Amino acid sequence: MASKRIYLSGAEKRKKKKFDEEKWSKEKGSILKYIGAPDSKPEEYSELPEQDAPVPSHSSGSVQEAVLPPRPPHSPEPQKASSTPEQPPIYSKPLDPANWPTILSDAFRTDAVGRGPFQISSDFTFPKKEDGRSFHYHYFCRTLVNGEEMKRTWLIYSKKKKKNALYCFCCKLFSTKEQKLVTEGLTDWKNIGTLLKSHESSPAHIAHMATWKDLQLRLQTGKTIDQAERTLLEAEKRRWRDVLTRLIAIVQSLAERNLAFRGSSNTLHQQNNGNFLKEVELLAKFDPVMKQHIERVESGQFSHSSYLGNIIQNELIASISTKIMDTMVTEVKQSEYYSIILDCTPDVSHQEQMSVVIRTVKMDKKPEIKEHFMGFLVASETTGLGLSSLIIKKLTELNILLEDCRGQSYDNGANMKGRNKGVQARLLEKNPRALYVPCGAHSLNLMISDAATASIDATSYFGTVQKLYNLFSASPQRWAILKDYVTVALKTWSDTRWESRINSIEAVRYQASNVREALLKVREMSDPLTKVEAQSLAEEVGSYRFIICTVIWYDILHIVNHVSKLLQSPKMQLDVAVDLLTKAKTSLTNYRRIGFTSAQVSAKDMCEEMNVEAVLKEKRLRSTKRHFAYEAADEPIADAMKRLEMTFFNVVVDTTIQSLTDRFKTLSEVRDQFGMLLNFQKLDDQSLNNQCDKLCKTLNSGNESDIDGKELAMEVKHLPSLPSDEMTALELLTFIHKKHFEELYPNLWVALRIACTLPVTVASAERSFSKLKLIKTYLRSSMGQERLSVLAIISINHEVGKDVLYEDIIDDFASKKARKQRF
């Protein structure tokens, strides 16, 4: 028999709605937050007005956001929990007393006792008041008559900027009297010792301590009056934490792969509802927890939240990023010394994005060089003043001291390396110990640019190579012809990409005959312009001059590219980089002697393979009109081969060597300041003392110094025998760490850590731009700056993200979603 539908008037509907809301408010007042959220508003929500609970919606598959935690389903299923072994209740981290509500409910007291007192970390720096006094950590313990120390577990310190006060945990929970340790907090640091002794011996405090310990014991043993209800609530809380764990895993997976979260639809089981909901639907097919959650969402059991909406996604992303940032900032502070790496690039929305990377030496099982990406910043002003102010503001937000910076590395732009108004100059004014090291890979690229523009033959050569690529890439048919003849395709070259030039001539160097055959094949096409261009390029590729230039350029770029690849490693050290550049200079000097002769031999072999004559075509010598001078004009070189050697080979190689010396002068100077750490075995006592004093002055700022020069010289002289005579700074640091010699050689220990902290290239910042292009595409060009930065942090620092615990993320998420209860 069909059920009869009952229609209600507007007044009846409002009355029923009010009754449902009052009933839900009473039920909510007797339970804890399911995911462990506190019952009070966090500080950032303290000024928000109270929000009413939304009207229940039973639309199938809809995704709604929550202001309040989800309402508990009153189904008989959770009763099964009584037959299973009892599990310990789940509590989140303790709350700062500044976040406690003014009026405490029984539910909040129970939750607070389960959480325990809020403990301040031992490395926290207590702020000073105007009189210069501050709280000290030793007040957390009480010294007995016999000398033993008893911890004051009831004493809690609020580190909120507006509070910075002491509270009594048990009295704040159970006392009804108006006293500073309960209401506004105690801040009288002058008489703090006397006040604490007086309070802990008062009868009221002793009674509240007994009440606290009794409730704590009953909670642990499960002997509370409402234990049956609490068992159901704990089971529901575990289910919600399991759901959030899976949602966090999905969010982290999508962020690490640079995938978009949302689609055009925000409803489950729709075609274009985005990657996040698709991952949820896929997981629900195999995971019973997510399957049950989806069934409850579709059945309309959640009148307040399903935790699948856009706002929740953003908050989970922010929580994951926050935990990763906290981990990295902790590593930076533990390492004490760090270096800054900056670089800028425009994004798809034409905003200048500055990538911030911090380099440290992590001291764990063994010393390890780490480079952490700290986010993107919008650089509205690209001047030295604007960029330096931006990075200082970022360090202040992260609570990282600029005084601990020991190195800075940027590209060779005038706004970055300028000696007067550049970023490095402005940071050196604030911290003279922040040594500037120009990017080695970028300097190598500029070195090749100098050599490429030093000769007319060199400039025209790369123009011909670019024409080859343009001819074949302009048409799919021509590119197909090229692929039929070659195995390594032609590539374009760029002024900014470090390895583009050697990739562009690799195909011509080893497949010149195949490229020429492909050009002759293209010449047979009907297009007249294409025929003429293909014929001209075929003649140029088959010429002896072009082949000699190809061999010479490939040999030079091969030497430079090998060094460039090694310099781009995140773990590259300053001393190793200088040694690589020294070897590269030696190789180029040797190539200057024998390179042209060996290039002719290789070019002749390539000519025989192409069946062309290995003869350098003579060019008519032009005589230029000269004004009267005391000295006679230079006689022109008649021999074409000799002229090519003088005007092309010698000019290119000499320019490369000279540019390498000039552009890496600053790098060599910084390395020489730390050189005694590596060649101390070859120095006499006087030279060792002088270099130690020089290093001490380098690491000195005003009255502060990182090392003592005289003590450093004595430590180096008394070092034990080393495993090798040639050890890098990191290897020597690892040796000292392995032998636990930090206490014996403290100055050497500090100097080696600073030397390993100094960066060599900005390659890590350059690599972050690749992620920027994957995250902020033209389809996502309207993405906000904060979302872009947090997604990039999760994606780039994915190794750090693997060590972040889901429980910590859930606790952070729960604290942000907390709302004040209504009674």
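## Packing of α13 against α19

In this predicted model, helix α13 (residues 440-452) and helix α19 (residues 544-567) approach to within 9 Å between axes and cross at roughly 165 degrees. Helices are DSSP runs of H or I with at least four residues, strands are E runs of at least two, and both are numbered from the N terminus. Axes are lines fitted to C-alpha atoms, for helices over the stretch in contact, with angles from 0 to 180 degrees between N-to-C directions. Helix α13 is therefore roughly antiparallel to α19 (an angle over 145 degrees).

The contact (heavy atoms within 4.5 Å) involves G440, A441, L444, M447, I448, A451 and A452 of α13, together with W553, L557, V560, V563, S564 and L567 of α19. By class, 11 of these residues are nonpolar, two are polar and none is charged; Ala, Val, Leu, Ile, Met, Phe, Trp, Tyr, Cys and Pro count as nonpolar, Asp, Glu, Lys and Arg as charged, and the others, Gly among them, as polar.

## Positive phi in two loops

H269, in the loop between α6 (227-256) and α7 (274-284), has a positive phi near 60 degrees although it is not glycine. H269 is partly exposed at 49% relative accessible area (buried is under 20%, exposed over 50%, partly exposed in between, with a 1.4 Å probe and protein chains only).

E336, also not a glycine, has a positive phi of about 75 degrees. E336 lies in the loop between α9 (310-335) and β5 (338-346) and is partly exposed, at 37% relative accessibility.

## Basis of the values

Residues are numbered from 1 along each chain as its sequence is written, and side-chain values use heavy atoms, leaving out hydrogens and water. Local features need pLDDT of at least 70 and side-chain atom pairs count only at pLDDT 80 or more, whereas totals for chains, interfaces and linings use all residues.

Definitions and conventions
Angles under 35 degrees count as roughly parallel, over 145 as roughly antiparallel, 65 to 115 as roughly perpendicular and the rest as oblique.
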